[in-house]
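Subject: The structure, and what turned up in it

Hi there,

Here is the structure you were going to look at. Open it alongside this email and follow along as you read.

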Amino acid sequence: MEARPPLPPFTKETAIQKVRLAEDGWNSRDAAKVALAYTLDTKWRNRAEFANNRTEAQAFLDRKWKKELDYRLIKELWAHDGNRIAVRYAYEWHDDAGNWFRSYGNENWEFMPDGLMQRRYACVNDMPIKESERKFHWPLGRRPDDHPGLSELGL
């Protein structure tokens, strides 16, 4: 396995880098690529769903991005200590009927020395929004560096 810098223990700066790399990966909506950031035996809780390895995490992501269309995500560092990072995030998406949502959540991450994430615990709430209430307006993919983050957007 190849190391995935930045590596723990995290400083504020390297934790922010790790959060942005995770955001960029998830905004790619490439489940196979994103799954490589997790250990083979990764443990996840996402809402009421559990993944017990990288293969299950990748399958989860495949299902997620087939349901959550035009997905755009912003993550923000909340706290860090040693090999752990806590983030808050929001993402916007719509279902196949055209109903828009903003999903708000918090995640707790734990990393191995090689920088792969071993544990990911997520709590998420979905809020229906009108398309006119969307705040995340960039082309699909990576959020531009000059696009406001969660705090700047008042989220």
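Before the strands come up, one rule: two strands count as paired if DSSP finds at least two bridges between them. Helices (H or I, at least four residues) and strands (E, at least two) are DSSP runs, numbered from the N terminus.

This is a predicted model, where local features need pLDDT of at least 70 and side-chain atom pairs count only at pLDDT 80 or more, while totals for chains, interfaces and linings use all residues. Residues are numbered from 1 along each chain as its sequence is written, and side-chain values use heavy atoms, with hydrogens and water left out.

**The sheet**

Strands of a sheet pair through backbone hydrogen bonds, either parallel or antiparallel. Here, six strands make an open sheet with mixed pairing, in the order β2-β1-β6-β5-β4-β3. The edges are β2 (49–51) and β3 (69–81); each has a single partner strand, so one side of each is left without a neighbour in the sheet. On average, neighbouring strands are turned by 20° against each other, direction ignored. Axes for such angles are lines fitted to C-alpha atoms, for helices over the stretch in contact, and angles run from 0 to 180 degrees between N-to-C directions.

How do β1 and β2 pair? Strand β1 (residues 38–46) pairs with β2 in the antiparallel sense, over three bridges.

Helix α3 (residues 54–67) lies across β1, β2, β3 and β4, and runs at about 50° to β1.

You can check the length of α1 yourself. The expected span of a helix is 1.5 Å times one less than its number of residues. For the 17 residues of α1 that should be 24 Å, and the end C-alpha atoms are 25 Å apart, which agrees.

Several residues of α1 are buried, including A15, V19, A22 and W26. Buried means under 20% relative accessible area, exposed over 50%, and partly exposed in between (1.4 Å probe, protein chains only).

**Some backbone details**

Have a look at the segment before α1, where P6 and P9 lie. The peptide bond from P5 to P6 is cis, with omega near -5°, and the one from P8 to P9 is cis too, with omega near 0°.

Next, R29 has a positive phi of about 55° although it is not a glycine. R29 sits in the loop between α1 and α2 (31–35) and is partly exposed, at 30% relative accessible area. D70 also has a positive phi of about 55° without being a glycine. D70 belongs to strand β3 and is partly exposed, with a relative accessible area of 31%.

**The aromatic rings**

How many aromatic pairs does the structure hold? There are eleven. Rings of Phe, Tyr and Trp (its six-membered ring) pair if their centres lie within 6.5 Å; planes under 30 degrees apart count as stacked, over 60 as edge-to-face and the rest as tilted.

Y71 and Y91 form a tilted pair, 4.8 Å centre to centre with 40° between the planes. Y71 is in strand β3 and Y91 in strand β4, so this pair ties together parts that are 20 residues apart in sequence. Y71 is buried at 1% relative accessibility, and Y91 is buried at 3% relative accessible area. W109 and F111 make an edge-to-face pair, 6.0 Å centre to centre and 85° between the planes; W109 and F111 are buried.

Ring pairs also link W26, Y38, W44, F60, W65, Y71, Y89 and Y91 into a cluster. K75 lies over the face of W26, 5.3 Å from the ring centre, and the charged end of K75 sits over the ring of Y89, 4.7 Å from its centre. A charge sits over a ring if NZ of Lys or CZ of Arg is within 6 Å of the ring centre and within 35 degrees of the ring normal.

Happy exploring!

Technical notes:
Contact means heavy atoms within 4.5 Å.
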